[in-house]
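Visitor: Could you take me through one part of this model in detail? I would like to look closely at a core and the helices around it.

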Amino acid sequence: MTSATATDANPAGTGEVMTADGVPLRISLARARRRSRNRALLLVAPLFLFVLITFFIPILSMLFRSVENQIVGETLPHTVEALQQWDESGGDLPPEEVYAALVEDLRIANETKTAGKVGRRMNYEKSGFASLFRTTARRIKRIEAPYKETLIKAKKDWGELETWQVLKRESDAYTLSYYLAAVDFSYTPTGEVLKLPDDRSLYVGLFWRTIWMSLLITVLCLILAYPISYLLSTLPVKTSNLLMILVLLPFWTSLLVRTSAWIALLQKEGVINDLLVWVGLIGDEHRLTMIHNATGTIVAMTHVLLPFMVLPLYSVMKTIPPSYMRAARSLGATPFMAFVRVYMPNTVPGIGAGALLVFIISIGYYITPALVGGQSGTLISNFIAYHLSISLNWGLAAALGTILLVLVLALYILYDKIVGIDNMKMG
């Protein structure tokens with residue numbers, strides 16, 4: 001009987017177990033696993049494509065734009081080639097051939113309307129280049145040989161050695177000038193790197209301001225959210241659900257409306273100052289300045305980001321059994337010691353999740369600081385938005401964004417080393 005069964009399962013006598021359709025079981029299982037992997041891949045593919053298109057490709061584009069400098073070489077190809085033969089260390093202006101190449105390139109640029117682009121790009125390095133290229137391109141049809149003498153006569157800037165040194169330096173396809181500007185450094189005309197004077201330094205101070213304000217907002221959110229989350233986790237379900245609706249209510253209100261409300265509350269003639277004057281805490285002539293400064297940014301952003309701290313804390317606290325506290329009390333611990341030694345350590349994963357979430361959001365926030373921050377309450381993100389939409393210096397905006405990204409990744413790694421990402425939980 002046993003022999004007959006083995007023969008039926010393995011009619012070929014090869015020692016392999018066969019399926020009902022005659023396929024070896026090993027091959028059939030491999031096919032099933034492959035089909036399962038393919039189905040999983042098809043399910044994940046839309047999300048992967050979405051993340052690739054909306055996250056990874058923009059980041060790669062930002063990294064490229066922060067060093068890209070091809071507009072000079074594309075607009076002035078003959079000039080760039082001629083400048084490679086010029087020795088700037090001698091202190092003499094370029095020869096006639098370089099000026100002739102510039103005239104040839106500007107004639108083409110004037111026809112294709114690209115002279116303004118290269119002028120705007122060079123204006124980031126030295127003020128006056130935009131008008132220099134624009135004016136020269138407009139007069140280029142009247143420029144005749146000898147080109148060197150005619151160009152200098154038309155615009156004296158073409159007779160300055162510094163103009164040509166900067167043009168040669170920025171003729172490479174890639175540049176680090178955006179990153180230098182992002183950390184308050186710059187090139188000299190000869191290519192040396194120098195720190196900008198204090199009255200022209202801006203971005204390093206903004207990075208430090210962004211970090212400390214984000215940390216302060218995170219700490220304030222934690223201080224405010226911890227008792228709220230504890231209360232929500234210990235109250236009866238019906239009551240806690242009602243209070244949770246109040247916590248989530250800001251999500252259902254426009255961000256502009258909430259920020260405008262804080263403007264009405266914090267301004268000198270606002271509700272808070274009127275209340276302080278009415279109760280006699282301050283005089284009418286000593287009203288507090290709480291808007292269009294760092295105070296306004298901190299208060300408004302703490303209010304906006306508070307729910308992002310409450311939710312992770314609440315989800316973790318809800319999973320802590322009440323028996324832990326009772327057991328600590330039964331072993332002789334005071335209520336305070338039981339809370340500090342037993343309850344709080346169990347909430348560390350929620351604290352880590354909420355703190356990381358609030359900090360990362362606040363370090364890149366720009367809408368609320370733009371409305372209530374004024375001069376002392378703006379963050380680095382506001383200047384990134386300024387260079388993207390107003391000054392159109394996309395290279396500098398990309399460099400600032402890249403530095404901010406690296407800074408966030410560094411802090412994330414530091415958090416992982418100190419606390420541990422594995423200890424972070426959302427519930």
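Guide: Gladly, and let me begin with a term: a nonpolar core is a set of buried Ala, Val, Leu, Ile, Met, Phe, Trp, Tyr and Cys residues joined through side-chain atoms within 4.5 Å. Buried here means under 20% relative accessible area, exposed means over 50%, and partly exposed lies in between, using a 1.4 Å probe and protein chains only. The model is predicted, with local features needing pLDDT of at least 70 and side-chain atom pairs counting only at pLDDT 80 or more, while totals for chains, interfaces and linings use all residues. Residues are numbered from 1 along each chain as its sequence is written, and side-chain values use heavy atoms, leaving out hydrogens and water.

The largest nonpolar core has 28 residues, and Ile217, Cys221 and Leu305 have the most contacts inside it. Two or more residues come from each of H11, helix H12 (237–248), helix H15 (294–317), helix H16 (323–330) and helix H17 (335–346). These labels follow DSSP runs numbered from the N terminus, with helices (H or I) of at least four residues and strands (E) of at least two. H15 gives the most to this core, with 11 residues.

Now look at Leu305. Leaving aside residues up to four places away in sequence, Leu305 touches Ile217, Cys221, Val358, Ile361, Ser362 and Tyr365, where contact means heavy atoms within 4.5 Å.

Ile217 and Cys221 also take part in the meeting of two helices: they are among the H11 residues that contact H18, whose own contacting residues include Val358 and Ser362.

The axes of H11 (residues 203–234) and H18 (residues 348–363) come within 9 Å and cross at roughly 140°, which makes H11 oblique to H18. Axes are lines fitted to C-alpha atoms, for helices over the stretch in contact, and angles run from 0 to 180 degrees between N-to-C directions. Under 35 degrees is roughly parallel, over 145 roughly antiparallel, 65 to 115 roughly perpendicular, and the rest oblique.

H16 and H17 pack with their axes 9 Å apart, at an angle of about 140°. Their contact includes Tyr324 and Met325 in H16, and Phe339 and Val342 in H17.
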